[in-house]
Amino acid sequence: MTEATVRAEPPAEELGAPPEAWFGLRRYAVTAAFLAPAFILLGVWVVYPAVYTIIRSFYGQAGGDFVGIDNYKALFTTPAITTAIKNNAIWVAVVPATITAIGLVFAVLIEKISWSLAFKTAVFMPMAISLFAAGVIWRIMDRQEPGIGAVNAVIGSVHDAIRPPGALSDALTSTPNETGSPSQGIVLKTPLQPGKSVALVGLTGIPPEQVPAGSVQAVTPPAKAGSITGVVWRDFKPGGGVPGKVEQGEVGLPNVTVFLRDASGKKVGTATTEANGTFAFTDLDQGTYRAGIDPATFKKPFGGVSWLGSKLITPSIMIAYIWVWAGFSMVVIAAGLSAIPRDTLEAARTDGASEWQVFRRVTVPLLAPVLTVVFITMVINVLKVFDIVLSVAPESSQAEANVIALAMWRTAFPQSDFGLGSAIAVFLFILVIPVLLLNIRRFRREA
Amino acid sequence: MRYRVSAFTLAALAAALVAAFSVGGAGAGHQAVSGKVSMIGIWTATEQQSIQAVIAGFHKKFPGVTVSYTSAGNDTPTVLKTRLAGGKPPDVAAVGQPSLVREFAQKGQLKPLTFAQGVVRANYGPNGIALGSVKGKLYGLFFKAANKSTVWYNVKAFKDAGVQPPKTWPQLLAAAKTIRGSGLPAYAIAGAEGWTLTDLFENIYLRTAGPVKYDQLTDHKIKWTDPSVKKALTLMAQVTGDTQNIPGGTSGALQTGFPQSVDQVLSKSPKAAMVIEGDFVPGVATTKGLKPMVDYNMFPFPSINGSAPAVVTGGDTVVMFKDSPAARAFITYLASPAASTIWAKRGGFTSPNKKVPLSAYSDALTRRSAAALVAAKISRFDLSDLEPAAFGATTGQGEWKILQDFLKDKNVNGTASALESSAAKAFK
């Protein structure tokens, strides 16, 4: 505004100088007329609410009772808010620096490639999406079930290729006589003796579609001299049936590998089940043996990393946030990079500096002002982070992912505690002020 | 907590209008009332269309009165509070939390509904009247109810496992075990949304501790560390802690939202056999063309240790901020069976009004849940909706969060004391 008024002066003088006082008044009126709309708008929507928020923060929930600084004390004693403050501190410590660093690396690297425009466009693209929508995308990608979440699907396909899941991954033991668990392999508790015992290994929890093709009604094999016989079968029929008993309508489980250990625990043989679930170990010496099924049969497919669970939720949100903002950082830094005098870099190279040294000692120092802009902008943004937390974190882990702005909103609206909500807002404002001042001082210096 | 989505098939609007006509008593004196009534309410989407149909029924009887309805959805408390702070409340409002009715009444912001007392006494049971009363004075009309004591199951899954709908708690656990044996997890649990867990807890608590303790716990007259709470939590863990019987286990449950939990059960290829939630479940299912009774069905929440039929209800209450003959006429109309019948025929609605005939409900399952609601010996409103929001209705804290943690850690004592300290803070 000042600038505009200064420029307006010379023609006014040419018109033949009016009286000083009148001129001053007119100039004042014109200035005021131009400023008025902005002042009114700022007054109604910024100054008044801000001042009222500060006043409100000294009153209680209902609004009529002055409570002094109680709300500010509550800031540091309410667990939900202290978690939020802690999380915001982690955000400020990690995110702005990471975004600036990634932007710098991208900006320097794209200078060297021929398809830089395509790369720039791809990295910048997330900026075109609203932060909330980006959060929704990541919420789906981070889902635990590999069938839904893209991130776990990728990890899962690698995992399952290296360690393939077992044929009966959902199975459970049907009687207490079977010990161990599917993850450690199932072993029958009762010792077996050749010619006397029959090993009954009943399994439940197998969905009909997981029953191997070609399986038929299970049968209990007779005991045979010198041998241990047994059956592995789906110990379930509608209604449950009698656990541990082979009944009509229950099918055998073929192609299951059963092992046999002797009394000392040494594996003495393996057998594979038939279509009716039966198996047999023959030519055994007298003694006691134990039969069991290898854990590999029950190996579960990759269940997924719980990205959205309470432990990993903050890093997951940060990744989404960095994904969005890396493009901004890259473009701004790339612009700064193109303004660097090339001869300085050339001079350094001529003097025998390696590329790394050029980057460290020349490029980065010359870029420092741009890096500062990016860094400070990100610090301010990160302090106010809100919508992406709300959209990435499922409700069950929002307490762990809480940030100051979210805590403010939750306190003020669903709980209608406008006093404490205002106090959180003022606190957030106070946190942003030093960074803003830093930014303003830098603007002044540049001007 | 409410879940506001329309439920069940919609009956024809024509049928609703016929019902409106068929109600007698529209005396000539009614026409003399004229004026405007503004209403703000939580009903959105299909529910908004239904209240508009009710308003149309009212307009037939009182042509001189115009009722304008504005929906504020889940933001209704905030909208009403800001309107009150600005001195411009609507004439009438529909709110989902009885605690809000209490709060407004205690601040003197509501007008008592003494004029409608006769009609309300004649048409509603004592529980419905008590919900709308503050210190013995009637301030709210409990208009729309939800029966939260229902369990919805996939018929084919039950048939494959060969189990019958359980009537008692041990039968429920046994059925769940058998269903798991058949290869399908028994329970779909919407752990990502804390309110579904509070509903489960409340159903167990009402049956194990009884209505007297339920009321005491509601008002925080007994502590959450009471043995009765721990007992209910222990039973709850038998379901929510049965990790092999939940799709994705407990950590999967914590990422499952309510609509997803419904889809896990009400589906052609189910991922779980049953979902324990209120009568609004079918309205949420995204699979179209599923037939009630054939593809999915419902049984009342099982009895525990021989408890009498009990219902945890949710629902919406109509209150009056500004008194006028027009507003009085409208509220009196809403208290009549005619008004509720219009909505009942449209579906997604259970009326606490005893005079609404069961034949008004559009399908057999709604009729069954409505009958259970009216017939229940013991009926109590959703406990968490009666609590201060900081404890009973805020994502990431209070009951919602603590029960989500309980889903994971199954620590009964720790959960009880966490609930107590959170409640103590909110009731301060």
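Me: How many residues of domain 1 of chain B are in contact with domain 2 of chain B?
Reply: In this predicted model, chain B is divided into domain 1, made of 13–147 + 314–381, and domain 2, made of 150–311 + 384–426. The C-alpha centres of these two domains of chain B lie 29 Å apart. Domain 2 of chain B brings 19 residues to the contact, and the number from domain 1 of chain B is 23.

Me: Which helix of chain B gives the most to the side of domain 1 that touches domain 2 of chain B?
Reply: At least two residues of that side are supplied by each of helix 4 (98–106), strand 6 (140–147), helix 16 (364–375) and strand 12 (378–381) of chain B. The residues of this side of domain 1 of chain B divide into ten nonpolar, nine polar and four charged. With eight residues, the element of chain B that gives the most is helix 16.

Me: Is helix 15 of chain B mostly covered or mostly exposed?
Reply: The buried residues of helix 15 of chain B include Trp343(B), Ile342(B), Lys345(B) and Arg346(B). Just after this helix, Gly347(B) takes a positive phi of about 95°. Since ten of the ten residues in helix 15 (residues 337–346) of chain B are buried, the helix is mostly covered.

Me: Are helix 9 of chain B and helix 18 of chain B roughly parallel or roughly perpendicular?
Reply: Helix 9 (residues 194–218) and helix 18 (residues 398–409) of chain B pack with their axes 8 Å apart, at an angle of about 80°. Angles of 65 to 115 degrees count as roughly perpendicular, and therefore helix 9 of chain B is, relative to helix 18 of chain B, roughly perpendicular.

Me: How many residues of the contact of helix 9 with helix 18 of chain B are nonpolar?
Reply: On the helix 9 side of chain B the contact includes Trp195(B), Leu197(B) and Phe201(B), while helix 18 of chain B brings, among them, Glu399(B), Lys401(B) and Leu407(B). Three residues of this contact are polar and two are charged, and the number that are nonpolar is six.

Me: Which residue of strand 9 of chain A is the bridge partner of Phe259(A)?
Reply: Strand 6 of chain A is joined by five bridges to strand 7 (residues 267–272) of chain A, the two running antiparallel, and here Thr257(A) stands opposite Thr272(A). The hairpin of these strands of chain A has four residues between them, and in it Gly265(A) takes a positive phi near 90°. Strand 6 of chain A also pairs with strand 9 (residues 289–293) of chain A in the antiparallel sense, over five bridges. In strand 9 of chain A, the partner of Phe259(A) is Gly292(A).

Notes: Residues numbered from 1 in each chain as written. Chains lettered and ligands numbered in written order. Predicted model: local features only at pLDDT ≥ 70, side-chain atom pairs only at ≥ 80, totals over all residues. Domains from an automatic or database assignment. Contact = placed C-beta atoms within 7 Å. Nonpolar A, V, L, I, M, F, W, Y, C, P; charged D, E, K, R; others polar. Buried ≥ 20, exposed ≤ 12 C-beta atoms within 10 Å, placed from the backbone. Pairing = 2+ DSSP bridges. Axes fitted to C-alpha atoms, helices over the stretch in contact; angles between N-to-C directions. Parallel < 35°, antiparallel > 145°, perpendicular 65-115°, else oblique.
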